[in-house]
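Here are a few notes to read alongside the model. Keep the 3D view open and find each piece as you go.

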Amino acid sequence: MADASLSAEVWDALRQLAYEDGERVAVRSALSHAKERATLDVRLGAARTRLSEAEQAVAHASTARRAIEDQIEDTNLRTKRTEARLASGRLQSEREVQAAQTELENLQATAVQNDEAWLLATSNEDTAKSAVPGLTAALASEERAAEDRQAAAEREVADAERRLAAIDAVRRDAAQKLPPDIRDRYRALYPKTGGRPFAEAIAGECSNCHRSVPAASVQMIRAHTGVPSCPSCGRLLLAP
Ligand SMILES: [Zn+2]
């Protein structure tokens, strides 16, 4: 660190660099959010999921209704066969006739249960189907809104990229004005500090890690004779 006072130009460059570093972190975060919004639309995804779930519910209800219809057909067939057997006069004993009649009664009871199950199944199917048109329309309108949102997000991405380029141009100019030793320390710290190599010494404390700053460093900052490092987090300390 130089003993001589750092020039006002160096001091301005340090402050500008610290300020632009902060801007850069904010713009990079805005850029990453805008990129995320441009590629993944959460509301559109949710509308698609709701419609697809409703369509699955219809398919499920239709399958259940068809299973009952198969059962109805089967019960009808067995009823006809049993009736035919009873009408054929080929049943030998009273016991066989009795058994066939009991079977017929059971089949008739099953038919009543089948009808009830069919009514319930068709009602479920109708309910499931009734949700689909509304969700289809909602998806179509969400798709239109998503196009607008995507266009806005893409504009934000382009704006943020332009802002970053401008910030980096200012940072490069400011860095050129620094004494080489300070510039080297700045560059080494940049990737290690998430792009924030500077901190402020406020009331004898580092604004980043809140550990105390030695009196000699505070004096150096006050007298503009150099840029001390925080002994704890290593950041370059400036005056607030
Ligand atoms: Zn610190």
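1. Before anything else, a word on "domain": the domain bounds used here come from an automatic or database domain assignment. Keep in mind, too, that this is a predicted model.

2. With that settled, the protein chain splits into domain 1, covering 37–173, and domain 2, covering 179–238. Taken over C-alpha atoms, the centres of domain 1 and domain 2 are separated by 64 Å.

3. Now look at helix H3, residues 94–176. Why does its end-to-end distance make sense? At 1.5 Å a residue, its 83 residues should span 123 Å, and the end C-alpha atoms are 114 Å apart, which agrees.

4. Stay with H3 for a moment and ask which of its residues are buried. The list is Leu107, Glu125, Glu142, Ala153, Val157, Ala160, Ile167, Arg171 and Ala174. Their packing partners are helix H1 (8–39) and helix H2 (42–88).

5. Helix H4 (residues 180–192) is worth a check as well. Its 13 residues reach 19 Å from first C-alpha to last, close to the 18 Å expected at 1.5 Å a residue. Just after H4 comes Gly194, with a positive phi of about 60 degrees.

6. Finally, the largest nonpolar core has 15 residues, and Cys206 and Leu237 touch the most other members. H1, H4 and strand S1 (198–202) are the elements that give two or more residues to this core. Setting aside neighbours within four places in sequence, Cys206 has contacts including Ala199, Ala201, Val213, Cys230, Cys233 and Leu237. In soluble globular proteins, nonpolar side chains tend to be buried together.

Methods. Residues numbered from 1 in each chain as written. Predicted model: local features only at pLDDT ≥ 70, side-chain atom pairs only at ≥ 80, totals over all residues. Helix = DSSP H or I, 4+ residues; strand = E, 2+ residues; numbered from the N terminus. Expected span 1.5 Å × (residues − 1). Buried ≥ 20, exposed ≤ 12 C-beta atoms within 10 Å, placed from the backbone. Contact = placed C-beta atoms within 7 Å. Core = buried A, V, L, I, M, F, W, Y, C linked by C-beta atoms within 7 Å.
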